[in-house]
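Please read the points with the sequence and structure at hand.

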Amino acid sequence: MKTNNYTATGKNNGGSLINGIPKWLWLLLSFGAAMLLWTLLSFNPKTARSFPNVIVVGEAVITMISRGVFFADIASSLISVGAGFALGFVIALPVAILMAWYKPVRNIIEPWIQFIRNIPPLAYVPLIVISAGVGRKPQIIVITIATFLTMAITIYQGVVNIDTTLIKAARVLGAKDRDIFLRVIAPASLPFIMTAVRLGSSVALTTLIAAESTGASAGLGMRIRALNNSFESAPMLLYIIIIGIIGMVIEKIIKALERRLTGWQEKREM
Amino acid sequence: MAGKERNVKVKIDNVVKKFNTRKGEMTALNGVDLDILENEFVSVVGPSGCGKSTLLNIIAGLSEATSGKVYCDGHEVKGTGTERGVVFQQYALFPWLTVKKNVEFGLGIKGINKEEASEIAMKYIRMVDLEDFANHYPKELSGGMKQRVAIARAYAVNPSVLLMDEPFGALDAQTRTQLQEELLHTWEKEKKTCFFITHDVDEAIILAQRVVIMSARPGRIKEIVDVDIPYPRNQETKLTQEYIEIKNHIWKQVYQEYLEVRK
């Protein structure tokens, strides 16, 4: 059986047929399968209430626009995610480098980053609201904390693992500390920084619901919770899909950037 | 010996290196004395753990001797300096730079203007026969090509001595032989003082005028063998009577050290 399987995916006609399918067709097939599953769920009486069919969900766009919240929600969430992520990055980069550079900084900061990282943000949201009040500020703080933790650890681990032979090679070519930082550490860290940006943007989105549970007046996460109270599953599902689409678009942009900036890398990670 | 009249390029004066390990103090080098003459090619052989890389790192200024001194052109070595170029076994090319930019790296730090740097870089890229790959990234090159770039990069800053730490150790036998021949040609032309570490006895003899045999634990110079075989040398040199005698002698000495390490 095993050998049969092997040849089936490797050499015979069936294999070459599968290998011959272009990427766009795979994407289309995947999309089609998702739509099929969704439709089945919408017909099954047990799941129909959670999964209204595609048309009903599509119509929810019009409902939400007519309520005057659709674009405001998207804009509000993008602002919170963007600002929180940017702040998280701006703090994570120097902290990660300091951690890699100075042992005392590392030994003091790393344990508490690891400690807080495993706590779901939703748990500490109330504490932030008590101090920061409601509105935009606590949303940004929550996303900043979550993205900072992920990005600081990722960048730090990258910088620490930079090949020391490269630093030696630079030194024997006359490089001083400043040259080493700018011409070796910085470019060598770039792949890890890009990985951190990718992970950070994903964390920013997954923290959205927690961030917007701080008494936000608009936002995709806040709206999902509000719709939950009135059992409006169609717009809820619509908003969930929108978050997913935003995530995919951001990922694509970062991947394109990564290819441009770090295409020189020996191995490509996933 | 003709060598006696030449200037001493690198003077290694009673160098001792001790490391602190968990088991206590470990002596890696126990009083090494060696004069490397101008335009000379010296190779060092010895079992792993004999401290040959440690010695190279101390000459390069990447590591500090516990006691003893190293002089280059009469100046005491303190830290790294561009008059001492290094070629590492792991190539150590900057993966984010093209071949040409890698070779220009040291020139940029020296503050040499772009046009001149480009000219110098291309000269050495041609020397290692890689002009078609000047704009390629290291990941697109084979191991042998990478090491040729590293050699060009070391030459580009015009060091007065070249320190090579098992530069061909990671290459397959064929590429290794080819790079040995290329290095021989370059050395015959430029007569750059070379300090070459290897664990391959053949490699040590074919390249060098003198072969330093090191003993292990603690690392000391056991014997220095003159290789009075005229250049140009090539693979056929290995079939001559002279060569075979030298090889037998060195091999016996090195083998004894291997056995010592095994104990």
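How many residues lie between β1(B) and β2(B) in the hairpin that they form? The count is 2 residues.

1. Basis of the note. This is a predicted model, in which local features need pLDDT of at least 70, side-chain atom pairs count only at pLDDT 80 or more, and totals for chains, interfaces and linings use all residues. Residues are numbered from 1 along each chain as its sequence is written, while chains are lettered from A and ligands numbered from 1 in the order in which they are written.

2. Confidence. The average pLDDT (the predictor's confidence in each residue, from 0 to 100) of chain B is 91, and 98% of the residues score at least 70. For the complex, the predictor gives an ipTM of 0.89 and a pTM of 0.82. Where pLDDT is low, predicted coordinates should not be read in detail.

3. Helices (H or I, at least four residues) and strands (E, at least two) are DSSP runs, numbered from the N terminus; two strands pair if DSSP finds at least two bridges between them. Strand β1 (residues 8–21) of chain B runs antiparallel to strand β2 (residues 24–37) of chain B, and 11 bridges join them. Within this pairing, I12(B) stands opposite L34(B) in β2(B).

4. The open sheet has 4 strands in the order β2-β1-β4-β5 (chain B), with antiparallel pairing. Its edge strands are β2 and β5 (75–76) of chain B, each of which pairs on one side only.

5. Domains of chain B. The domain assignment, which is automatic or taken from a database, gives domain 1 (1–83 + 162–263) and domain 2 (90–158). Their C-alpha centres lie 25 Å apart. The contact between them takes 10 residues from domain 1 of chain B and 7 residues from domain 2 of chain B, where two residues are in contact if their C-beta atoms, placed from the backbone, lie within 7 Å. On the domain 1 side, helix α5 (residues 173–190) of chain B gives the most, with 4 residues. The residues of that side divide into 6 nonpolar, 4 polar and no charged; Ala, Val, Leu, Ile, Met, Phe, Trp, Tyr, Cys and Pro count as nonpolar, Asp, Glu, Lys and Arg as charged, and the others, Gly among them, as polar.

6. Contact between the chains. Chain B contributes 20 residues and chain A 14 residues. On the chain B side, β6 (84–87) and α2 (99–110) each supply at least two residues, and α2(B) gives the most, with 4 residues. The chain B side divides into 12 nonpolar, 5 polar and 3 charged residues.

7. Chain A. This chain has 13 helices and 0 strands. Its radius of gyration, taken over C-alpha atoms, is 23 Å, whereas a compact globule of 270 residues would have one near 18 Å (the globule rule is 2.2 Å times the number of residues to the power 0.38). The C-alpha trace of chain A spans about 70 × 65 × 30 Å along its principal axes. Buried residues make up 32% of the 270 residues in chain A; a residue is buried if 20 or more other C-beta atoms, placed from the backbone, lie within 10 Å of its own. Among contacts in chain A between residues at least 6 apart in sequence, 72% join residues at least 24 apart.

Key. A residue is buried if 20 or more other C-beta atoms lie within 10 Å of its own, exposed if 12 or fewer, and partly exposed in between; C-beta atoms are placed from the backbone.
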